[in-house]
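I opened the notebook to record what I looked up, entry by entry. The model comes next, and my notes follow it.

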Amino acid sequence: MTNLEKLKSLIVDVFLIDPSEFRLDLRREDVDTWDSLGVVSIGVGIEETFGYHPTPDEARALRGVQDIVTLLTSKGIAFHE
Amino acid sequence: MRIIKETGGPETARVLDQAWSAPETFALLPTKTSLTAEWVEQALGAIPLELQSGHFCLFTSGTTGDPKMVVGERRRSEKLACVLHAVQDSEPVKETIGTLPLSYCFAFVNQWLWSRVSQRKMIHTHGLGRPDLLLDVLAQAQQAMLCLVGAQVPTLMEHCAGRCFPGIIRIHFAGGRFPQERLLDLARVFPSAEIFNNYGCAEAMPRLTIRRAGEAEVATNIGRPIPGVELATDDSFALVFRSSYRAVAQLENGVFRRITEEEWVPTGDLGHRLPTGDWELQGRANEVFKRYGEKIAIPQILTMVNRQWRGSALLYRETDAMGEEGVVLVLSPGPTESHVRALLQAFRKEQPRSHWPLRIESVAAIPTLPNGKPDGKALRQSPGLQVHWRQRI
């Protein structure tokens, strides 16, 4: 499974969206379940899936899927496979 | 004091008949019980002299697992059986079919004592322990009354698939959640049956309210108090009652105490009175709690789950990694991936995230107490517990 597939699976699982709703430009405001508890959940999910533990500030600053990709890329996790 | 150990079936009923006619107070012990002989001996030893005739003692371990003894007065319970006959419109009923242990207050009063007082026949079965025999009895039933707990419905419906039992004309539910979402299924299997939601507790010995199934659309509506019963709530919405038929004493947590005429007795549930005059349950006092500042009511979550899931569903409480209490949803039998997906979509659509379960698990069969209610304690240790989804928190 590529990192992008892992991220898709994580987003679907954490926010309970339909897999067809997933896209790289998906924004927090597009997802009703990306609420304050969702911020905590995605933080835990990122650590479980990619081994990087975002700080609370980093987790709060994530405004969409692209921000997650950018954050993880900056930590050496590649999304260009 | 006479101790009657329930052996199941007509033999227990015969012994009970004799004991009821004799002056001496007796105690009816369940077949399967976690009560130790010492506990029972101590409990019975606490009964004062004035209650040692004309009374009877029943025991409950309840869903909390804490043993309790309640002492009932025979005269009052006979009066209740007569009241039930009237409010449950039982005159056309010719027989009642037992599927629950007689030591369970609901079956004891609503079936055994009712059949004695109204001079109707009681047919004993082994309940869902021997579904083949039960189905035979149901097939031969004539104008019969059935008393069930909601937790029996998924299994009963499985066994009854494709069958129809027009001889059942009344079905009474008590002891746990009313299966409002399965009324159509029940009507297909029991087309002549009028279905009732009965509410009460052991201290009430046991009935407090009743409603006909069609009179409300939600499982939590328990209808109105029966004659001789008053309901009220205190400042924290704890549901309390006064009843002419209540138990006269109880022993709980090692303390024996009389229940007086004037006192408001806690039911252990939270509730409120609706503008229609009906009463609605918000859950057991320990089933309503705050999670991340939001009020969680387990019965409301179960109502949503039961709209999506036809098998058994239970919720138990657990603390998450943030130290907040949440619930774990257990399904039985094991769901398919699409079932889980549908449930999760329903949670997404209908409930804020704080109401989502911490996990969705399944077991092959929900462990039950002897009275047919789910055994919450055993559930957590069930072998083969499978996790289907979990919140990452």
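**Entry 1: a sheet in chain B**

I started with strand β4 (residues 68–73) of chain B, which runs antiparallel to strand β14 (residues 249–252) of chain B, joined by 4 bridges. I count strands as paired if DSSP finds at least two bridges between them. Helices (H or I, at least four residues) and strands (E, at least two) are DSSP runs, numbered from the N terminus. Opposite Val71(B) I found Ala249(B) in β14(B).

A note on the source: this is a predicted model, where local features need pLDDT of at least 70 and side-chain atom pairs count only at pLDDT 80 or more, while totals for chains, interfaces and linings use all residues. Residues are numbered from 1 along each chain as its sequence is written, and chains are lettered from A and ligands numbered from 1 in the order in which they are written.

Next I looked up the sheet itself. It is open and has 6 strands, in the order β1-β2-β3-β4-β14-β15 (chain B), with mixed pairing. At the edges I found β1 (2–5) and β15 (255–258) of chain B, each pairing on one side only. From one strand to the next, the twist averages 20°. For angles, axes are lines fitted to C-alpha atoms, for helices over the stretch in contact, and values run from 0 to 180 degrees between N-to-C directions.

Helix α3 (residues 74–87) of chain B lies across β3 (55–60) and β4 of chain B. The helix α3 runs at about 80° to β4(B). Contact here means that two C-beta atoms, placed from the backbone, lie within 7 Å.

**Entry 2: another sheet in chain B**

I then turned to an open sheet of 4 strands, in the order β20-β21-β22-β23 (chain B), also with mixed pairing. Which strands stand at its edges? They are β20 (312–319) and β23 (386–390) of chain B. Each has a single partner strand, so one side of each is left without a neighbour in the sheet. Direction ignored, neighbouring strands of this sheet are turned by 25° against each other on average.

β20(B) and β21(B) are antiparallel, over 8 bridges. Tyr316(B) faces Val328(B) in β21(B). Helix α8 (residues 298–308) of chain B packs on this sheet and touches β20 and β21 of chain B. The direction of α8 makes about 140° with that of β20(B).

I picked out Val330(B), in strand β21 (residues 325–332) of chain B. Is Val330(B) buried or exposed? Val330(B) counts as buried because it has 24 C-beta neighbours inside 10 Å. The cut-offs: buried takes 20 or more other C-beta atoms within 10 Å, exposed takes 12 or fewer, and partly exposed is in between, with C-beta atoms placed from the backbone. Leaving aside neighbours within four places in sequence, the contacts of Val330(B) include Leu314(B), Tyr316(B) and Leu379(B).

**Entry 3: nonpolar cores**

A nonpolar core is a set of buried Ala, Val, Leu, Ile, Met, Phe, Trp, Tyr and Cys residues joined through C-beta atoms within 7 Å. The largest has 77 residues. Among those with the most contacts inside it are Leu58(B), Phe108(B) and Ile171(B). Helix α4 (residues 105–117) of chain B gives the largest share of this core, 8 residues. A second, separate core has 34 residues, including Ile42(A) and Ala313(B).

Most residues other than glycine have a negative phi, and most peptide bonds are trans. I looked for exceptions.

- Met205(B) has a positive phi near 60°, and its peptide bond to Pro206(B) is cis, with omega near -20°.
- Met205(B) lies in the loop between β9 and β10 of chain B, and is buried, with 26 other C-beta atoms within 10 Å.
- Ser332(B) and Pro333(B) are joined by a cis peptide bond, with omega about -5°.
- Leu16(A) has a positive phi near 55°, and sits in the loop between α1 (3–15) and α2 (36–50) of chain A.

**Entry 4: chain A**

Chain A has 4 helices and 0 strands. Of its 81 residues, 26% are buried.
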